[in-house]
Amino acid sequence: MAGESRLARLARLGGLTSRMTGYGVRERLLGATVDRAEAARELVDSLSRLKGAAMKVGQQISLVASALDLPDDVQRSLRRLEREAEPVPWWTVHQILERELEEHPDDVFASIDREPLGTASLAQAHAATLADGRRVVVKVLHPGVLEGLDTDLLALRAVLAGGRLVGRSDRELKGILHEVEARLREEVDYLQEAANLEAFSTLYAGDPRVVMPAPHVDLCTRRVLVLDRVEGVPLHELVATGSAEARQRAGLTLAELFFEMTFVHRLLHADPHPGNYLFQPDGTVGLLDFGCVKRFDEFFLGGYARTALCALRGDREGTLAAARDLGTWTGETPEAGEALWAFCNAALGPWRAGPMVLGKGENLVTRTRAAAEEIWKHPEIMGVPDMVYLHRTLAGLYTMARALEVEHDWAALLERYLVYAVDVAEGRSRPVP
């Protein structure tokens, strides 16, 4: 990306936008049926040749597709964008560090590895040691990401809104795109991520269930983030070699953290990629990468919790009324109402049976897929922007917990937090769950 001019990048993205818009012209004006899987493949092929924010934009399109429950063939193509990026040469990283820190890296760090720990669409991470011996991770934003962000976001809006790839209303798309853009702008600002780290470190200071890295704020800039290194093993290793007790503890902690962050602190770590989690031998969870953080207000959470609580209790009419208040159901069509209830009942109904082992015969994704595809046929059932990262995180953590085969009374756990969120939104005092 560093060697590509803004004009050349805009031209390449503009060509992609024109092709995607062509699908929309055929659909809207000529009445032709758009092959959305073909459009998705062309989108992936184009964006995968770009780097930096454009690749991240492509991943956000994949997120939008997931949030809107698009057909599997479309989602499969878009998930190809979620691969690891090519490493940035050390001399480029060195130049950025020297410019941002205003010192030679060897004068700042006692040592820093030339080979990266990992390379993502936006940044690259290197292991380093401070003068006092503390082990840290140095994240460096890729060159050109900030400069190309507006161009790439323009392409995202044009591809989705103009190309009509996802087949949803302009109103719904604009709300979700605004949400995705806001998170992406925060994610490329490492001063914001340092502030996120400070907030979470304060909330969970001394908590034996979880380890979070503290930032070294004197070494942080908008393009460079230095934070403590967290030790542990990845999920697949814990699944393969961890004790049953460690797996149980880790899985339950993942669930508790999600509910606490969402419904109590209203501050959610919203990037549930397994690579952002490390596990210690006793099941303690190490949490990484605080660039994508979603903040909620108590009124949205109250409405969301009321909808989920009614569904958990089997109250069809209460669920639909709460969904209307939340803005998820905007019409009057009985068929749409039935589709919405079928989805909510499929998602929450099985938890009513009591304690359950995740990964043993049950699969939330499988049982809700048909109901989700039915919802997709009714534009009056709309994705609320605040749900995008909430559901993304829930789906990611659920998948991790299934791999750990965790057993718990999930309905009882969920109900405690839902009741708490409803009470807070309605001004009733209640002890934290």
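How much space lies in the largest cavity? About 70 Å³, and the views below show where to look. This is a predicted model, in which local features need pLDDT of at least 70 and side-chain atom pairs count only at pLDDT 80 or more, while totals for chains, interfaces and linings use all residues. Residues are numbered from 1 along each chain as its sequence is written, and side-chain values use heavy atoms, leaving out hydrogens and water.

**View 1. An open sheet of 3 strands.** The strands (DSSP runs of E, at least two residues, numbered from the N terminus) follow the order β5-β9-β8, with mixed pairing. Two strands pair if DSSP finds at least two bridges between them. β5 (210-211) and β8 (277-279) are at the edges with a single partner strand each, so one side of each has no neighbour in the sheet.

**View 2. Where β5 meets β9.** These strands run parallel, joined by 2 bridges, and β9 covers residues 285-287. Look for Val210, which stands opposite Val285 in β9.

**View 3. A helix on the sheet.** Helix α11 (residues 244-265) packs here and touches β5, β8 and β9. A helix is a DSSP run of H or I, at least four residues, and contact means heavy atoms within 4.5 Å. The direction of α11 makes about 45° with that of β9; axes are lines fitted to C-alpha atoms, for helices over the stretch in contact, and angles run from 0 to 180 degrees between N-to-C directions.

**View 4. Helix α11 and the lining of the largest cavity.** α11 gives the largest share of this lining, 4 residues.

Key: On a 1 Å grid over the protein atoms alone, a cavity is a set of points where a 1.4 Å probe fits but cannot get out, and a pocket is an open set with protein on both sides within 12 Å along at least five of seven lines; lining residues have an atom within 4 Å of a point. Grid points are joined across faces, edges and corners, and a volume is the space filled by probe spheres set on the points.
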